Amino acid sequence: DIPPNILREMTRARGLILLINPSFVPDEGRARYYMRFFDRTRPSSGTKQLTIPVAVCLSQIDRAPQFMDAEPKALFEETVGDTAPVLYSWLTRFDIFKLTALGRPLRRVGDREVLDGEPRPKFVHLPISWIVGQHDRT
């Protein structure tokens with residue numbers, strides 16, 4: 001659950017970056033988990049739509065080759081399932097991005113995952129640039 005102080009800050013934000021890990025499978029199932037999350041974060045009054053720019057970011061795409069190759073919208077819809085149309089109806093300005101902070105898969109060593117070499121971030125700047133560009137238009 002999102003702490004109340006974070007929810008308050010979100011309502012005052014001028015843009016949001018929503019990180020979704022496509023390799024994460026919650027115990028309660030993706031559809032229920034994302035519906036609960038989206039329901040908790042949507043505005044409680046007015047049109048019940050978020051009018052600020054929201055960059056929906058699929059993170060850790062280096063975890064599987066199919067994530068790297070997938071189109072962002074298709075990967076998002078596969079990840080959140082039936083809740084995608086609900087989110088689309090709540091957002092008035094959004095775009096979907098894929099990104100990876102590491103740029104390469106981790107390797108298992110015993111009971112740990114380690115990175116071979118230095119991180120090679122990919123696409124991390126795109127959602128930030130998009131949000132800034134949205135504010136330049138207003």
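Reader: How are α2 and α4 oriented to each other: roughly parallel, roughly antiparallel, roughly perpendicular or oblique?

Author: The model is predicted. In it, the axes of helix α2 (residues 30-41) and α4 come within 8 Å and cross at roughly 100°. Angles of 65 to 115 degrees count as roughly perpendicular. The two helices α2 and α4 are therefore roughly perpendicular.

Reader: Which residues of α4 does α2 meet?

Author: By class, the contact of α2 with α4 has four nonpolar, one polar and two charged residues. From α2 come Arg30, Ala31, Tyr34 and Phe38. Their partners in α4 are Glu78, Thr79 and Val80.

Reader: Which element has the highest mean pLDDT?

Author: For the protein chain, the mean pLDDT is 86, and 93% of its residues reach 70 or more. Helix α1 (residues 4-12) has the lowest mean among the elements, at 74. The highest, 94, belongs to helix α4 (residues 72-80).

Reader: How many salt bridges does a search of the whole structure find?

Author: One of them joins the side chains of Arg36 and Glu28, at 2.6 Å from N to O. Another joins Arg107 and Asp116. For the whole structure, the search finds five.

Reader: Lys73 and Glu77 both lie in helix α4; how many residues apart are they?

Author: Their side chains meet in a salt bridge, 3.9 Å from N to O. The cut-off is 4 Å, so the pair counts. Along helix α4, Lys73 and Glu77 are about one turn apart, which is four residues.

Reader: Is Glu77 buried, partly exposed or exposed?

Author: For Glu77 the relative accessibility is 31%. Buried means under 20% and exposed over 50%. Glu77 therefore counts as partly exposed.

Reader: What is the N to O distance in the salt bridge of Arg107 and Asp116?

Author: Arg107 is partly exposed, with a relative accessible area of 40%. Asp116 also counts as partly exposed, at 38%. Their side chains meet in a salt bridge, with an N to O distance of 2.9 Å.

Reader: Which residues do salt bridges that share partners join into one network?

Author: The side chains of Arg36 and Glu28 meet in a salt bridge. Arg36 is partly exposed at 34%, and Glu28 is partly exposed at 32%. Through shared partners, the network joins Glu28, Arg32 and Arg36.

Conventions:
Residues numbered from 1 in each chain as written. Predicted model: local features only at pLDDT ≥ 70, side-chain atom pairs only at ≥ 80, totals over all residues. Heavy atoms only, no water. pLDDT = per-residue confidence, 0-100. Buried < 20%, exposed > 50% of the residue type's maximum accessible area, 1.4 Å probe, protein only. Axes fitted to C-alpha atoms, helices over the stretch in contact; angles between N-to-C directions. Parallel < 35°, antiparallel > 145°, perpendicular 65-115°, else oblique. Contact = heavy atoms within 4.5 Å. Nonpolar A, V, L, I, M, F, W, Y, C, P; charged D, E, K, R; others polar.
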